[in-house]
Structures are given as C-alpha cells and as structure tokens.
Amino acid sequence: MNIDQSMSTKHIAEYFNFLSSEDIRLKDSRIGIETILYEYIDCGRSPEEIAQTYQTISLEQVYATILLIIALASKDDEYQDRIVYLPLPYK
C-alpha cells in the first residue's frame, strides 16, 4: 500500500493527539508538530530525512503533519507567517 492509498482512508486528525491548542503531537510518539515544522522549514529536510531522523514516526505521519500545518496556516496567523517558506518537493 502506498502513502496516497493509506492516507485517503484515514481522517487527518487520526494521526495526532491534540493535547491543547498549542500542543499537538504525532500519535504514539512524543514528537510535536512544531518539531516537524522546524525540521521541514527551518532545516530544509525532506519528509524522508525527517522520518529517518525520528525513527518512532513513519513517513506517512510526516506527510500528514505537513498537510495539517498547511490546513492550520489557513486559520492561524502564527502558521501563516511560517508557511510562506514551505519548500516544495523536487521529485
């Protein structure tokens, strides 16, 4: 099963634990979405590199986090300011 097939059957919220409005973590891990945002935008790491660095999360979870961040950016000024710099995949 590829990422597109598995993600289409799961609601995006199922990938996360919403502990508070400012603390959203990947399910079954202690990694917050801010960590993924930092790695992806500030460090310029690819989703594959992030999944390899944080071995407790899957590549699917990394992509789900990026999608969530984009969704949050449409509603939240803090994320809007950073989403402008989202790198596009080059494949």
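Helices (H or I, at least four residues) and strands (E, at least two) are DSSP runs, numbered from the N terminus. Residues are numbered from 1 along each chain as its sequence is written. This is a predicted model, in which local features need pLDDT of at least 70, side-chain atom pairs count only at pLDDT 80 or more, and totals for chains, interfaces and linings use all residues; side-chain values use heavy atoms, with hydrogens and water left out.

**Overall make-up**

The protein has five helices and two strands. Read from the N terminus, the order of these elements is α-β-β-α-α-α-α. Of the 91 residues in the protein, 34% are buried; buried means under 20% relative accessible area, exposed over 50%, and partly exposed in between (1.4 Å probe, protein chains only). The protein exposes about 6,100 Å², with carbon and sulfur atoms supplying 51% of this area. Accessible areas come from the Shrake-Rupley method with a 1.4 Å probe, and for residues only the protein chains shown count as cover. A contact means heavy atoms within 4.5 Å. Among contacts between residues at least 6 apart in sequence, 49% join residues at least 24 apart.

**The nonpolar core**

A nonpolar core is a set of buried Ala, Val, Leu, Ile, Met, Phe, Trp, Tyr and Cys residues joined through side-chain atoms within 4.5 Å. The largest one here has 18 residues, and those with the most contacts inside it are Phe16, Leu26, Ile36, Ile57 and Val62. Two or more residues of this core come from each of β2 (23-26), α2 (33-42), α3 (47-53) and α4 (59-73). Leaving out residues up to four places away in sequence, Ile36 touches Leu26, Ile31, Ile50, Ile57, Val62 and Thr65.

**Helices α2 and α4**

The buried residues of α2 are Ile33, Ile36, Leu37, Glu39, Tyr40 and Ile41. Helix α2 packs against α4 at an angle of about 95°, with the axes 10 Å apart. Axes are lines fitted to C-alpha atoms, for helices over the stretch in contact, and angles run from 0 to 180 degrees between N-to-C directions. The two helices, α2 and α4, are therefore roughly perpendicular to each other (angles under 35 degrees count as roughly parallel, over 145 as roughly antiparallel, 65 to 115 as roughly perpendicular and the rest as oblique). From α2, Ile33, Ile36, Leu37 and Tyr40 meet Val62, Thr65, Ile66, Leu68, Ile69 and Leu72 of α4. The residues of this contact divide into nine nonpolar, one polar and no charged. Here Ala, Val, Leu, Ile, Met, Phe, Trp, Tyr, Cys and Pro count as nonpolar, Asp, Glu, Lys and Arg as charged, and the others, Gly among them, as polar.

Ile66 belongs to helix α4. Apart from neighbours within four places in sequence, Gln61 is in contact with Tyr15, Leu26, Lys27 and Thr56.

**Accessibility and backbone**

| Residue | Relative accessibility | Class |
|---|---|---|
| Asp28 | 75% relative accessibility | Asp28: exposed |
| Ile66 | 10% relative accessibility | Ile66: buried |
| Gln61 | 12% relative accessibility | Gln61: buried |

Asp28 sits in the loop between β2 and α2. Phi of Asp28 is near 60°, a positive value in a residue other than glycine. Just after α2, Gly44 has a positive phi of about 70°.
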